[in-house]
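User: I would like to go through this structure one feature at a time. Please give the general idea before each case.

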Amino acid sequence: MTETRKGFVQLHLSVLLAGFTGLFGRLITLNEVDIVWYRMLFTSAILLVFTGLPRVGCRKFLQLCGCGALLGFHWILFYGSIKASNVSIGVICFSLIGFFTALFEPLIFKRRLSWLELLFSLITVAGVLCIFSLDARYRYGIAIGVVSSAVCALYAICNKKASVGVRSRTVLMYQMSGGLVLVSAIIPIYLYFFPSQQSVVVVPEGSNLWFMLCHALFCTVGMYLLQIQALKRLSAFTVNLTYNLEPCYTIILAFLIFGEGREINFSFYIGIVLILLSVFLQTRRAWKK
């Protein structure tokens, strides 16, 4: 197998593992804060075995911890959206990350706003608005999912600045461990404003424990390590472009495993088409550039 083919195999395996993230959010019966806390705890422990504690500067360490806190908060909202609606809606709301990135990135990096990027992203917004026409019981989940995508966009932009000059494994290690501490402080505030219908579990047991371990090992550590290996053989553009398939993988798996297709109406599919159109237009523009 050539290096390029090997890179594509690793890349698609990582995207497939990412697609299982939403499914684990449904399979694990713990509330969203439990899922995130134990995901970060188990991931930190696994990475500690592989990477140890590499030295980084104090300022860089604090930046990585801050990014970890944003990532953890995004995960809490993401799983909260799935718990309040379903897997398909949770991952579709995640598609709004492009819209929020188009707004936030010019402000943080102090560059001109790209009206074309904003226009393409607004097509995604139109798609999500179509999905809003679903039964009223899903609208709370959609609202949480929209905020989740905004937090994730902020994380991605900040992470781009904080991770410069640091190995990927080290970045992930300190984001998970440092973020775990900060997320622990965020959780009581989150539960005060968004009380969960499920009680907080101190120690997961039975199937929840095994699902959490698999979630941390495969969908966090395994996914990121495969992504790192793929980046050594393929361009960053190819990797980022392929990750647009993640929501599609998740929705297909949710339809097959949970039968969520029975819960979806016609406007949902119109929304999906608009989101895919937005991805296609942005990809075409990037390819030309």
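Analyst: Start with burial: a residue is buried when its relative accessible area is under 20%, exposed when over 50%, and partly exposed in between. The model here is predicted. Of the 289 residues in its chain, 47% count as buried.

User: How many helices and strands does the secondary structure come to?

Analyst: The chain has twelve helices and zero strands. Along the sequence, the pattern reads α-α-α-α-α-α-α-α-α-α-α-α.

User: How is a pair of packed helices described?

Analyst: Two values are used: the angle between the helix axes and the distance between those axes. Take helix α1 (residues 3-27) and helix α11 (residues 246-258), which pack at about 50° with their axes 8 Å apart. That angle makes α1 oblique to α11. The crossing in which α1 passes α11 is right-handed.

User: At what angle do the axes of α5 and α7 cross?

Analyst: Helix α5 (residues 97-109) and helix α7 (residues 139-162) cross at roughly 40°, and their axes come within 9 Å. Angles under 35 degrees count as roughly parallel and those from 65 to 115 as roughly perpendicular; α5 and α7 are therefore oblique to each other. Their crossing is right-handed.

User: Now the surface. Which residues form the nonpolar patch?

Analyst: A residue needs over 30% relative accessible area to be part of a patch. In this model the nonpolar patch consists of Y140, I189, Y192, F193 and F194, and together they have about 630 Å² of accessible area.

User: Which helix gives the most to the nonpolar patch?

Analyst: Helix α8 (residues 168-193) does, with three residues. F194, another residue of the patch, is found in the loop between α8 and α9 (206-233).

User: How many residues apart along the chain are P204 and D34, and what separates their C-alpha atoms?

Analyst: P204 and D34 are 170 residues apart along the chain, and 8.5 Å separates their C-alpha atoms.

Methods. Residues numbered from 1 in each chain as written. Predicted model: local features only at pLDDT ≥ 70, side-chain atom pairs only at ≥ 80, totals over all residues. Heavy atoms only, no water. Patch = residues over 30% accessible without salt bridge, like charges linked within 9 Å, V, L, I, M, F, W, Y side chains within 5 Å. Areas by Shrake-Rupley, 256 points an atom, 1.4 Å probe, with all protein chains shown as cover. Salt bridge = Lys/Arg side-chain N within 4 Å of Asp/Glu carboxyl O. Helix = DSSP H or I, 4+ residues; strand = E, 2+ residues; numbered from the N terminus. Axes fitted to C-alpha atoms, helices over the stretch in contact; angles between N-to-C directions. Parallel < 35°, antiparallel > 145°, perpendicular 65-115°, else oblique. Left-handed = near helix turned anticlockwise from the far one by under 90°. Buried < 20%, exposed > 50% of the residue type's maximum accessible area, 1.4 Å probe, protein only.
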